[in-house]
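Work through the exercises below with the sequence and the model in view. Each task is followed by its solution.

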Amino acid sequence: MLVMKFGGTSVGDATRFQHVADLIERVRARHPRLAVVVSAIAGVTDALIRLGHQAARGDPGWAATLEALAAQHRRTVDALALPPAEAAALEEALRAGFGQAEAVARAVAALGELSPSALDRLAGFGERWSARILAAVLRARGVSAEAVDADAFVVTDDRFGEASPDLERTRERARAHLLPLLERGVLPVVTGFIGATPEGRPTTLGRGGSDFSATLLGYALDAEAVWIWTDVDGVMSADPRIVPEARTIPELSYIEAAEMAYFGAKVLHPRTLLPCIDRRIPVRIRNTFNPQHPGTWIVPEPRGNGQVKAVTLIKGMSLITVEGRGMLGVPGVAARTFATVAGLGVNILMISQSSSEQNICFVIPAAAAPRVVQALRAAFEREIARRDIEDIWAMDRVAIIAVVGAGLRATPGIAARVFNALGACRINVLSIAQGSSEYNLSLVVAESEAEEAVRRIHAAFYG
Ligand code: ADP
Ligand code: ASP
Ligand code: MG
């Protein structure tokens, strides 16, 4: 059993759908038990989210956004030149789908409010449409394929926008749903990205979540491997858009790959590897546009310990500092600080130590910075009045850079090379991670210098 996932750029237009169908047919000749997961056509999820916000603020432009999406899908279907019966059925299915999206948008417009649940309902339509198109393309080639909406079996909690799947319930339902299809020789074409609460309310697994859908399915169906097809030659030593010399990493461990994804390597959704760990299911990343390339294998055990494998970047962060000379004498400042942030549901990506010990620094997504600073000022009102804490502030427009590889902490000289590389071009390191995992060294720099910093660090190890 093999699961393959195709990302949005892989199904960008009619030619690409045909190319994906070619790849599927070729692989299926060797792996007859195959399930496919597909993302929305590139850009569609963004457009659906934009449409939701337009409707909520009473901008009648939402209807035009929806019509543009419908036209784009119609053009794609026309260009596919499907047999008439297949084309008619697909057009009807898409018409119904766009009707449903319109009904949701109208409800949002009437309420003047976009709830997280309504947003998930809207954002997930793109996958329903692309799965139907791909299944039709395959059927037109004589492959018995069927589009399957994953909300029928991916059971999640109700954290809309970033829902967590219940692995066991999902496994049970996925098997009940898909094994009979596979037994009959049908190729399921499953929507990525979406799931539903136990009550059936649609959810999404977070942006880029189709990778996660693929490994969930791999887990559920006891796949021997999950192949993720994207638009680059595998997981690379840096984002090739930032570092043109970046190289494909032939092999990575689950932890290394997860660390890269968590610290910004967009090629994988951060939670992609979770379902694979227990069953040691290997994940392979390949390029749809260069299928001869072997890509990257992600496997259980790390190899090449102590080597820097990749440099990653996440922008859009804020560095929060709680500072005061009297802080050392006040018990529990750190615990109260982190409890306050956790109470707001804000994710801390990195805890760091800057020059003195009279402060606590941590990094959070920039959007949360104003409310975090406000909540901390309220929580430490007394300490601030007594001047034990002098200030709490956010430094915006910073980025986290992570240097990833197994066993880095135990390897002498890595940090020195990183800091020399940055020192040589006078890039200021605002802070470094304290006590993070042995799989990475992370540091904070100004966003304006971040890409250059990634290039310099990459050159220091791969130059
Ligand atoms: P898909 O639509 O296939 O899911 P994504 O756009 O989500 O594709 O992810 C692929 C992109 O991830 C690449 O085009 C690349 O620019 C970006 N990327 C960032 N970091 C890395 C990395 N370390 N290795 C490979 N790609 C990366
Ligand atoms: N279509 C979704 C997104 O754009 C999921 C994915 O592409 O993986 O976030
Ligand atoms: Mg992606």
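**Exercise 1.** How far is an oxygen atom of ligand 1 from an N or O atom in the side chain of Lys5?

The model is predicted, so local features need pLDDT of at least 70 and side-chain atom pairs count only at pLDDT 80 or more, while totals for chains, interfaces and linings use all residues. Residues are numbered from 1 along each chain as its sequence is written, chains are lettered from A and ligands numbered from 1 in the order in which they are written, and side-chain values use heavy atoms, with hydrogens and water left out.

Step 1. The distance for Lys5 is 3.1 Å, and a polar contact is a pair of N or O atoms within 3.5 Å.
Step 2. For the side chain of Asp231, the distance to a ligand 1 oxygen atom is 2.8 Å.
Step 3. For a polar side-chain atom of Lys266, it is 2.9 Å.
Step 4. The protein covers 90% of the 570 Å² of accessible area that ligand 1 has on its own (Shrake-Rupley method, 1.4 Å probe).

**Exercise 2.** Which residues of helix H9 are buried?

Step 1. Buried means under 20% relative accessible area (1.4 Å probe, protein chains only). Helices are DSSP runs (H or I, at least four residues), and strands are runs of E, at least two, numbered from the N terminus.
Step 2. In H9 (residues 254–262), the buried residues are Tyr254, Glu256, Ala257, Glu259, Met260 and Ala261.
Step 3. Gly264, which follows H9, has a positive phi near 110°.

**Exercise 3.** How many residues of helix H8 are buried?

Step 1. H8 spans residues 210–220, and eleven of its eleven residues are buried.
Step 2. Just after H8, Asp222 has a positive phi of about 50°.

Terms used:
Polar contact = N/O pair within 3.5 Å; in protein donor to acceptor, adjacent residues only side chain to side chain. Buried < 20%, exposed > 50% of the residue type's maximum accessible area, 1.4 Å probe, protein only.
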